[in-house]
Amino acid sequence: MANRSWSLGSVTSSWFQRPFHAVVLCVGLLVISATGYQALSYRLAEQVEQLACYQLQEGQIELTPAPGWIRRNLGREVLRQQQARLPRSLLSPGAAEQIAAAFTAHPWIAEVREVRIWYPGKVFVAVHYRRPVCMVYVPGGLIPIDGEGVILPPEDFSTWEANEFLILRGIERLPEACVGHRWTDGRVLLGAQLAALVGETARTTGIRFMIPRCSPNPLGIDDTQFELLTDSGTTIVWGHPPKMEIGPEPPAADKLAFLQWYYREYGTFDGPTGAHRLDLTRGPLVIPR
């Protein structure tokens with residue numbers, strides 16, 4: 001009887017000599033290596049993301065310089081109040097988009113225009129800030145709004161500062177919306193548009209109040225027009241809000257130019273005998289040269 005002997009080396013050599021088997025073995029080794037490399041890469045990436053220099057911190061954030069009416073540290077507030085929106089790490093996928101969403105949620109920020117991330121640990125956020133244009137008088141006090149009727153933080157204005165703005169009267173109810181959201185009352189939204197146009201002129205000429213006058217038009221829809229009231233009691237009939245003029249009513253730009261000329265010429269909106277009524281709705285308004 002013939003003797004048979006074998007060894008692992010002879011079997012491996014015999015198996016490996018077959019071309020198909022060699023390919024299978026090489027592919028298997030590559031798969032094992034790739035899987036191990038991927039797992040190692042994930043572990044290393046997680047460890048790098050957790051490094052302090054890639055964590056979003058107050059000192060790493062630079063914002064567009066804020067205007068004088070904003071005295072808050074907005075970067076600090078967003079970090080504290082918007083944790084759920086912010087990325088775990090600056091290396092996280094979509095980190096810039098998450099940072100933009102967190103800053104957009106702040107009531108003083110109208111728009112985030114750009115987020116730039118420099119590694120490690122530096123973030124620049126280019127923003128457009130909201131600008132207060134008037135105060136709305138409601139039972140209990142004054143509420144600031146911007147030109148789109150968005151409610152701004154009342155606590156950011158002292159009593160003296162609040163009274164420096166044009167004041168919208170005739171609003172009986174508190175807003176249903178909260179700070180950072182638009183007021184739902186149509187009179188407030190239209191008043192905000194008008195205040196954005198005349199607010200600075202009002203501040204320097206003694207125009208104190210803005211009052212909506214609503215009456216149904218022939219279609220049964222409320223027609224809102226505005227009157228401006230000066231400190232001395234003169235009523236300026238402004239008419240419809242900007243870009244909503246009807247018939248021969250002069251455009252808003254002409255009304256504003258006439259008011260500015262009138263004040264430069266006379267130093268007051270009063271008539272010769274004191275407070276009177278100045279109607280800007282009957283055009284054309286002529287400014288002498």
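Close-up 1. Helices (H or I, at least four residues) and strands (E, at least two) are DSSP runs, numbered from the N terminus. This is a predicted model: local features need pLDDT of at least 70, side-chain atom pairs count only at pLDDT 80 or more, and totals for chains, interfaces and linings use all residues. Residues are numbered from 1 along each chain as its sequence is written, and side-chain values use heavy atoms, with hydrogens and water left out. Buried residues of α7 are A252, K255, L256, F258, L259, W261 and Y262. Buried means under 20% relative accessible area, exposed over 50%, and partly exposed in between (1.4 Å probe, protein chains only). An α-helix has 3.6 residues a turn, so residues three or four places apart point the same way. G267 follows α7 and has a positive phi, near 75°.

**Close-up 2. Three strands make an open, mixed sheet in the order β1-β3-β2.** Strands β1 (61-63) and β2 (109-118) are the edges, each pairing on one side only. Neighbouring strands are turned by 20° against each other on average, direction ignored. Two strands pair if DSSP finds at least two bridges between them. β1 runs parallel to β3 (residues 122-129) over 3 bridges. Here I61 stands opposite V123, and E62 stands opposite F124. β2 and β3 pair in the antiparallel sense over 8 bridges. E114 has A126 in β3 as its bridge partner.

Close-up 3. Helix α4 (residues 95-104) lies across β1, β2 and β3 and runs at about 150° to β2. Axes are lines fitted to C-alpha atoms, for helices over the stretch in contact, and angles run from 0 to 180 degrees between N-to-C directions. In α3 (residues 74-81), L74, G75, E77, V78 and L79 are buried. Contact means heavy atoms within 4.5 Å. N73 caps the N-terminal end of α3, with a side-chain oxygen 3.4 Å from the backbone nitrogen of G75.

**Close-up 4. Salt bridges join charged side chains, 15 in the whole structure.** A salt bridge is a side-chain nitrogen of Lys or Arg within 4 Å of a carboxyl oxygen of Asp or Glu. R113 and E111 meet at 3.5 Å, N to O. R113 is exposed, at 55% relative accessible area, and E111 is partly exposed, at 38%. R130 bridges to D146 at 3.2 Å between the closest N and O atoms. R130 lies in the loop between β3 and β4 (132-138) and D146 in strand β5 (residues 141-146), so the pair ties together parts 16 residues apart in sequence. Both R130 and D146 are buried.

**Close-up 5. D231 and R208 meet in a salt bridge (3.6 Å, N to O).** The pair links distant parts of the chain, 23 residues apart. D231 sits in the loop between β8 (222-230) and β9 (235-239), and R208 in strand β7 (residues 207-216). D231 is exposed at 58% relative accessibility, whereas R208 is buried at 18%.

Conventions: A polar contact is a pair of N or O atoms within 3.5 Å; within protein, one must be able to donate a hydrogen and the other to accept it, and residues adjacent in sequence count only if both atoms are side-chain atoms.
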